[in-house]
Amino acid sequence: MTGSIIAVFITGYLLITLEHSIKINKAASALITAVLCWTIFILNATDKELVGEELAHHLGELSGILFFLLGAMTIVELADLYNGFDIITTRINQTNKVKLLWIVSFITFFLSAVLDNLTTTIVILSLLNKLIKNQEDRLFFAGMTVIAANAGGAWSPIGDISTTMLWIGGQVTALNIIKACFFPSLACIIVPLIYMSFRLKGDIEKPVDIDNNRGKNIPKKQQYIIFFSSVVVLIMVPVFKTITHLPPYMGVLLGLSLLWIITEILRQKDDVEDKGALSVSYALRKIDTPSVLFFLGILLSVASLQSSGILTDLSGWLTATIRSERIIVIAIGLLSAIVDNVPLVAAAQGMYSLSQYPTDSFFWEFLAFCTGTGGSALIIGSAAGVVAMGIERINFFWYLKKISLLALLGYFAGIIIFLLQHYFFG
């Protein structure tokens with residue numbers, strides 16, 4: 001049984017990584033992998049009722065992550081429907097390459113902590129298309145955006161799905177993950193920026209045809225209200241969890257319901273067509289549902305490895321072979337450049353228990369940083385990288401040649417800061 005489950009999981013994972021080559025959506029591969037893994041498990045189990053209870057238990061835990069994602073994605077999509085992100089993008093007029101790189105990177109770094117690295121990358125790439133005409137320059141800025149988005153998401157409980165998973169799972173708390181990972185994450189982007197400040201020269205050339213008409217039919221007042229309301233409700237999610245001790249998805253659903261009421265009030269005088277195109281109902285239809293199903297499939301697949309005892313055995317082997325938790329986490333972080341960080345974090349949650357590593361322990365905080373930033377080493381190693389690859393058509397080997405070294409410099413600089421911070425301040 002164990003060998004069959006591992007074989008199905010590895011095969012499914014290969015199909016996921018080869019999504020663009022085989023032309024099969026990764027959500028389909030993840031879902032069928034999950035179903036097959038659990039089918040093999042239950043057919044070979046002596047107590048089938050117990051396996052069913054295990055599956056129900058895991059699904060109950062995973063539903064919190066899925067509802068959180070659905071709510072957060074809808075809030076972000078609603079802000080975009082009202083062209084709220086133009087509030088940021090229209091205010092950047094810098095043309096010097098070095099200065100613009102610092103500006104764009106820091107906007108990405110902090111924006112991804114409030115939103116998430118995937119959404120932030122989409123927003124910033126849209127900005128770059130308005131600011132930079134030369135394709136090579138734009139590709140380089142896009143590559144740095146991936147590094148900044150992943151670094152910014154790593155220190156926030158809502159900025160990266162892997163950190164969110166650890167937060168929802170009780171491995172880290174919001175305030176402590178910010179305190180532990182902020183400066184290492186900052187080093188992760190500052191070191192590449194300093195390096196490139198001595199290599200970049202000249203000014204960027206702006207495109208001639210810049211669209212300044214986007215959102216002209218949406219009153220500025222409504223644009224500002226929806227954008228800042230969206231940011232506030234997302235920022236308040238960790239606060240809500242801390243005060244009420246309710247799961248994070250409850251805070252997101254509260255924020256979504258408040259925005260729903262606000263939009264209904266703002267657009268109540270509009271005709272049906274205009275009101276519908278700027279409603280929460282429309283935003284719900286536009287969110288990336290396949291990504292949510294992908295997370296469901298991959299997390300259920302990993303859950304089958306956990307329930308069948310495979311992850312426990314792997315944990316014991318790693319501990320006995322490597323012994324250093326620092327090296328184990330650093331290796332997991334580098335592996336996330338090849339394998340998506342979502343299943344890696346899910347696997348770690350199954351391999352190591354809270355009794356072994358309590359909430360806010362060094363292990364979980366270090367894992368959040370390494371899995372959040374290690375994926376930047378390759379273009380396929382993070383959601384931000386994959387979306388940049390699709391939008392800007394970034395070649396895998398171009399990224400490997402131009403960006404990977406910068407990402408690794410930042411990754412190891414962040415690790416040094418993290419370890420020094422832990423050594424001196426505990």
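Select Y357 and F363 to begin: both residues are buried. This is a predicted model. The rings of Y357 and F363 form an aromatic pair, 4.3 Å from centre to centre. Their planes are 10 degrees apart, and the pair counts as stacked.

A search of the whole structure finds 27 aromatic pairs. Now select W102, F106, F109, F110, W155, F182 and F183. Ring pairs link these residues into a cluster.

**Charges over rings**

Two stops here. Show R326 with F362. R326 lies over the face of the F362 ring, at 4.7 Å from the ring centre. Then show K26 with F294. The charged end of K26 sits over the F294 ring, and the distance to the ring centre is 4.5 Å.

**Helix α15**

Next, select residues 289-307, which make up helix α15. How far apart are the end C-alpha atoms of α15? They are 27 Å apart. That agrees with expectation, because 19 residues at 1.5 Å a residue should span 27 Å. Of the 19 residues in α15, 15 are buried, so the helix is largely enclosed by the rest of the structure. Buried here means under 20% relative accessible area. Step past the end of the helix to G309. This glycine follows α15 and has a positive phi, near 90 degrees.

Colour the lining by class.

**Two positive phi values**

Go to N83, in the loop between α4 (48-81) and α5 (86-89). Phi of N83 is positive, near 55 degrees, although the residue is not a glycine. Is N83 buried or exposed? N83 has a relative accessible area of 7%. The cut-off for buried is under 20%, so N83 is buried.

Now jump to H245, in the loop between α11 (220-244) and α12 (248-266). H245 is another residue other than glycine with a positive phi, about 65 degrees. Its relative accessibility is 68%. Exposed means over 50%, so H245 counts as exposed.

**A loop phenylalanine**

Select F198, in the loop between α10 (174-197) and α11. F198 is exposed, with a relative accessible area of 68%. F198 and Q135 are 21 Å apart in space and 63 residues apart in sequence.

**Last stop: helix α22**

Finish at L408, in helix α22 (residues 404-425). How accessible is L408, and which class does it fall in? Its relative accessibility is 30%. That value lies between the 20% and 50% cut-offs, so L408 counts as partly exposed. L408 and T373 are 35 residues apart in sequence. Their C-alpha atoms are 9.2 Å apart in space.

Technical notes. Residues are numbered from 1 along each chain as its sequence is written. This is a predicted model: local features need pLDDT of at least 70, side-chain atom pairs count only at pLDDT 80 or more; totals for chains, interfaces and linings use all residues. Side-chain values use heavy atoms; hydrogens and water are left out. Helices (H or I, at least four residues) and strands (E, at least two) are DSSP runs, numbered from the N terminus. The expected span of a helix is 1.5 Å times one less than its number of residues. Buried means under 20% relative accessible area, exposed over 50%, partly exposed in between (1.4 Å probe, protein chains only). Rings of Phe, Tyr and Trp (its six-membered ring) pair if their centres lie within 6.5 Å; planes under 30 degrees apart count as stacked, over 60 as edge-to-face and the rest as tilted. A charge sits over a ring if NZ of Lys or CZ of Arg is within 6 Å of the ring centre and within 35 degrees of the ring normal.
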